[in-house]
Amino acid sequence: MGEPSRVSRVVVTPVAFADPPLLNVVGVHQPWALRAIVEVHTDDGLLGLGETYGDDAQLARLRAVADALGGHDVYDLVGLRRLVTTVLAKETGGTAGASFGGMLDVDSAVDVVYSPFEVALLDIQGRRAGVPVADLLGGRARDEVPFSGYLFYKWAGHPGAEDDAWGAALDPDGIVAQAQKMVDDWGFSSLKLKGGVFEPEAECEAIEALAAAFPGMPLRLDPNGAWTPPTSIRVAERLAGTLEYLEDPTPGIPGMAEVARSSSLPLATNMCVIALDHLPPAVAVDAVQVVLSDHHLWGGLKRSALLAGICQVWGMGLSMHSNSHLGVSLAAMVQLAASCENLTYACDTHYPWKTQDLVVPGALSFAGGSVAVPRTPGLGVELDRDTLGVLHEQWQVCGFRERADTAYMRSVEPGFEVNTARW
Ligand SMILES: O=C([O-])C(=O)C[C@H](O)[C@@H](O)C(=O)[O-]
Ligand SMILES: [Mg+2]
């Protein structure tokens, strides 16, 4: 029997990286995206990595768990969940929820706090065993993970700053030009448009322009619940032959079920089904036909693998959600996706939108829109300490401490209203 491996030290480092002005239903991305990097060190000299949201409230929760993790057995994931639950209950006097930028609200913070520590412990387990994390999740169903090009309406640059390398995209021509750059530079062979920004007809025209410019390319549209059920049904009819799926056209399980009853287009979600206990009510009324997993949100890699299995049982499609992220998250997404036999759609990623990363380059790279699954032990990435330092300094000086797309939008357009179920 091998020696135990126990946690000796945990470091939580907040970082910030430049983010373009990407528009969405709740406003616009701030100039800096915030993330937290979790480093778990063991008494036998190993280091495991995790990455998660970097808002102040999340940092406080992560630090509270980090303080309690000393001596924890790296194989005890059940005990880790118990520890996170206990620490958060003490911190908040209950199982308080968490909110991320007005876009994602969870009933309990346990899953989102557990996730980066679980990923770090799996990284350590893989390094100890000399196998990639995908092998710990059941093996490798594929050697390459396909991603889709994630298109956004956007301003040319942040107000008061120079234009960024992408330029403006505020109409169908701008979106087609952005898509061309995504496809040319990254090789994506499917595309997703973030909607909920303009009236549905304008967003349908953008999708139709993409279909004309890239014949046969799988396309998705995600207005993050901006539409009423009747509007969603109308759009679904119009785009039935054009989209591979329509993502969160309207909020909530009952609304999605109403749309699904009248539409042949598969409906996908990362909003109304974001935890295991949302699955039974959604399945009961066939509200969604595709679930977007997200290990940051669903409580780590093993829970996300469980979600994949549940989708397989119920004949639901599986895709993967993303938020602005760095290379540690990308590595975890790739390991998870590699192990999911039933990944029926290319995964989302915001990766092309950033200009800096804090993992040593080379371990993960995009070719033809896919990332080859690393064959090295653990997650397959190492921290670049110099860049970690740079991104931490950016966090220190950037002045942002939470994702607040609506507040930032109102600093530019004071009358802005959140678009949820507006059209
Ligand atoms: O599929 C989604 O809903 C997302 O990717 C959520 C993100 O927060 C996206 O809307 C964004 O980055 O603005
Ligand atoms: Mg979505």
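**View 1. The open sheet of seven strands.** In this predicted model, seven strands form an open sheet with parallel pairing. Their order is E9-E10-E11-E12-E13-E14-E15. E9 and strand E15 (317–320) stand at the edges. Each has a single partner strand, so one side of each lacks a neighbour in the sheet. From one strand to the next, the twist averages 25°.

View 2. Strand E9 covers residues 149–152. In a regular strand the side chains alternate between the two faces of the sheet. Gly-149 and Leu-151 lie on one side of E9, Tyr-150 and Phe-152 on the other. These four residues are all buried, and both faces of the strand are covered.

**View 3. E9 paired with E10.** Strand E10 spans residues 191–194 and runs parallel to E9. Four bridges join the two. Tyr-150 has Lys-192 of E10 as its bridge partner. Together with helix H5 (residues 172–186), E9 and E10 make a right-handed β-α-β unit.

**View 4. E12 paired with E13.** Strand E12 (residues 245–247) and strand E13 (residues 267–269) run parallel, joined by two bridges. Glu-247 stands opposite Ala-268 in E13.

Conventions:
Residues numbered from 1 in each chain as written. Chains lettered and ligands numbered in written order. Predicted model: local features only at pLDDT ≥ 70, side-chain atom pairs only at ≥ 80, totals over all residues. Buried ≥ 20, exposed ≤ 12 C-beta atoms within 10 Å, placed from the backbone. Pairing = 2+ DSSP bridges. Right-handed = clockwise from strand over helix to strand, strands pointing away. Axes fitted to C-alpha atoms, helices over the stretch in contact; angles between N-to-C directions.
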